[in-house]
Amino acid sequence: MPKLTVITIVYNNVRDIERTINSVLNQTYLKIEYIIIDGKSTDDTLAIVEKYKEKISKIVSEPDKGIYDAMNKGLALATGDYVLFMNSGDEIYDDQTVEDVFASAPGADIYYGETEMYNDNWESLGRRRHEAPEQFDWKSFKYGMNISHQAIYVRRNIITPYDLNYKYSSDIDWIIKAAKKASNIVNVHRYVAKYLVGGMSKKKHRESLNERFKIFTKYYGLIPNIFNHMIIAVNLAFYFLKNKRTND
C-alpha cells in the first residue's frame, strides 16, 4: 500500500474548507498523510482546521507569496510515495476514491481520472468540457488541460517544485514536467474529484490564458500551438452553443 500525501492550500475560505477536509479524512484508504497550508487566514478558516488537528498530519499557517508558493510549502513537507493536491473548495470524489485509484494498477508513476464540476451553490455542472483522455502523456495538453490537478496522483520522486514565474497556470507546467518523466501512466476510469468553479485562474482569466499559451509554446512550439489553439477555439464555441457554459 503506497502512502499518499494530500495537500490542501487555503486562504480565507471558511465556507468551503470543512467539505474539503472531510472528503480527505473520510477516505477508506488508510495510508494518507494530510497537510494543510493556510495563508494566515483572517476569518475563521483556521478555527475549523484546528477542529480536525488530531487527524491532520501537518498544519502550517503563515503568509505566502501566492498559490504556487503555498503548494511548494506543502511539497517540501510531503513524505508520501504519491502527492495529490485537493485545494479548499474541492473534494475527493467519494470515500472509496483513493482506494480505487491504487487498486486500479500497481506502481504507476501517475494515476489520473475524471473531474465533476460544481457551481458556487455546490450544484453539479457535470463533467469538465475537457474529457480525460483514454491515454495520457506530456503531449496530451496540446488541445487544452484535459486533466485537472485535483484529478492526478503523481509519484513524489518525479515531481519538481512549481515554477513561481507562473502565477496562474503553473500547475500545467508542473504536470507536463512530471508526465515527461513518467514511464507508466494509468487512467483509473472513474471520477476522482469534484471541482468548485471560480478559482484564481477564472478570476484572472486573461492572465491565465496568456500564461497557458506561453507554457504550451515552450513545450509544443509556436506554430503548432497557434494551430492547436484554433482547434481549441472551435471546440469551445461548439460546446458553448450546445451547453451555454464552458465547464473548464
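Residues are numbered from 1 along each chain as its sequence is written, and side-chain values use heavy atoms, with hydrogens and water left out. As the model is predicted, local features need pLDDT of at least 70 and side-chain atom pairs count only at pLDDT 80 or more, while totals for chains, interfaces and linings use all residues.

User: What span does helix α5 reach from its first C-alpha to its last?
Analyst: Helices are DSSP runs of H or I with at least four residues, and strands are runs of E with at least two, numbered from the N terminus. Helix α5 covers residues 170-181, 12 residues in total. The expected span is 1.5 Å times one less than the number of residues.

User: How many residues of α5 are buried?
Analyst: Buried means under 20% relative accessible area, exposed over 50%, and partly exposed in between (1.4 Å probe, protein chains only). Among the buried residues are Asp-173, Trp-174 and Ile-176. Helix α5 is largely enclosed by the rest of the structure, because the buried residues number nine of the 12.

User: Which residue of β9 is the bridge partner of Ile-92?
Analyst: Strands pair if DSSP finds at least two bridges between them. Two bridges join β5 (residues 91-92) to β9, and these strands run antiparallel. Eight bridges join β6 to β9, and these run parallel. Thr-115 has Ala-193 as its bridge partner in β9, and the partner of Ile-92 is also Ala-193.

User: Which residue meets Glu-91 in a salt bridge?
Analyst: A salt bridge puts a side-chain nitrogen of Lys or Arg within 4 Å of a carboxyl oxygen of Asp or Glu. The Glu-91 pair has an N to O distance of 2.7 Å. Glu-91 lies in strand β5 and its partner in helix α1 (residues 17-25), so the pair ties together parts 72 residues apart in sequence. The partner is Arg-19.

User: Which residues are linked with Arg-19 in a network of salt bridges?
Analyst: Arg-19 is partly exposed, at 22% relative accessibility. Glu-91 counts as buried, at 10%. The network links Arg-19 with Arg-15, Asp-16, Glu-91 and Asp-120.

User: Is Asp-173 buried or exposed?
Analyst: Asp-173 forms a salt bridge with Lys-218, with the closest N and O atoms 2.8 Å apart. The pair links helix α5 to helix α7, 45 residues apart. Lys-218 is partly exposed at 45% relative accessibility. Asp-173, at 0%, is buried.

User: What is the angle between the planes of Tyr-82 and Phe-102?
Analyst: Rings of Phe, Tyr and Trp (its six-membered ring) pair if their centres lie within 6.5 Å; planes under 30 degrees apart are stacked, over 60 edge-to-face, and the rest tilted. The structure holds 15 aromatic pairs. Tyr-82 and Phe-102 form a tilted pair, 5.2 Å centre to centre, and the angle is 55°.

User: Which residue has Arg-19 over its face?
Analyst: A charge sits over a ring if NZ of Lys or CZ of Arg is within 6 Å of the ring centre and within 35 degrees of the ring normal. Lys-194 lies over the face of Tyr-93, at 5.2 Å from the ring centre. Arg-19 sits at 3.7 Å from the ring centre of Trp-122.
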